[in-house]
Amino acid sequence: MIEYLRAMGLALRDQRFLLATIHFQHLLGDWPIIDWRSEYGSAHWMPLRDFRALGCAPKSNDTRHFRATIDFWTAEGVLFDDIRLLPDRRHVQWRCSKFAFSMMSEMDRYALLTTESLKVARTDLDMDVLLQIALHHKMQRPEFRMFGTRFLDPASASTPFRLKDVDRKLKDTLSRFAKLTGYGFVVGYCQGGNAPGYTEINIRIQHAGTVWPLERIQKFPPRTRQFNILPASGWPKQRKPGQH
């Protein structure tokens, strides 16, 4: 699901709303299991105030924000069979699609998010990075890539991106998460195409639970431009190999 959302390039508003509906569906006891086909098809509803409490919209009673994101997901037509604002304008009703249920049933790997974390993101990129951190940070040597993987179009994986469109935004995002989590980040802008141009961002995470060798976490392929983003306390101390 995370890879699908990343490929869609969702606006923060729409991605946060979707994650909120997934969270509420979990609380309502309708999380798909492996044999999800026997459970698929239930409709669910929640008050708008509960979505607002997760930062999904301004706290005012204006429903324009919700109408806009519901219109988006209705037009998207893949993850929801039905989604609507009820006539009282105070509740949202939705029914996930078979495609969404199938992806949510794949639990071999998952990203554990708190409800508070949904409020932290300020930009579309913030939410993308937050999901990747949540998915990878418990690994011994956590790292993830951005822009180099295309869920829907693998052929576009080596298409260069403009560094000036990404650099400042990414540094701001990682600085916020370094402050929030105490994690350190080592970032490499990689050039993996047949001509000069940045095609992929490789982000590595260091914290108390990781076991990155110093020479490994800082090593990237030739032609890589790299930098570090650290919390105010400096490099996080890691556990020694074999420690738990």
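Helix 8 (residues 163-181) runs for 19 residues and spans 26 Å from first C-alpha to last, close to the 27 Å expected at 1.5 Å a residue; the expected span here is 1.5 Å times one less than the number of residues. Helices (H or I, at least four residues) and strands (E, at least two) are DSSP runs counted from the N terminus. The model is a predicted one, with local features needing pLDDT of at least 70 and side-chain atom pairs counted only at pLDDT 80 or more, while totals for chains, interfaces and linings use all residues. Residues are numbered from 1 along each chain as its sequence is written, and side-chain values use heavy atoms, leaving out hydrogens and water.

Buried residues (under 20% relative accessible area, with exposed over 50% and partly exposed in between; 1.4 Å probe, protein chains only) in helix 8 are L163, V166, D167, L170, K171, T173, L174, F177 and A178. Their cover includes helix 6 (117-120), helix 7, strand 5 (184-190), strand 6 (200-206) and strand 7 (225-229). Just past the end of helix 8, G182 adopts a positive phi of about 80 degrees.

On to helix 2 and its partners. Two packed helices are described by the angle between their axes and the distance between the axes. Axes are lines fitted to C-alpha atoms, for helices over the stretch in contact, and angles run from 0 to 180 degrees between N-to-C directions. Helix 2 (residues 12-27) and helix 7 (residues 124-136) have axes that come within 8 Å and cross at roughly 40 degrees. That makes helix 2 oblique to helix 7, given that angles under 35 degrees count as roughly parallel, over 145 as roughly antiparallel, 65 to 115 as roughly perpendicular and the rest as oblique. The contact (heavy atoms within 4.5 Å) brings L12, Q15, R16 and L19 of helix 2 up against D124, M127, D128 and L131 of helix 7.

Helix 4 (residues 64-76) packs against helix 2 at an angle of about 80 degrees, the axes being 10 Å apart. Helix 2 is therefore roughly perpendicular to helix 4. Here R13, D14, F17 and L18 of helix 2 meet H65, F66, A68, T69, I70, F72 and W73 of helix 4.

Two arginines also have positive phi. R89, with phi near 60 degrees, sits in the loop between strand 2 (80-85) and strand 3 (91-96), and at 46% relative accessibility R89 counts as partly exposed. R223 has phi of about 75 degrees and lies in the loop between helix 9 (214-217) and strand 7; at 56% relative accessibility, R223 counts as exposed.
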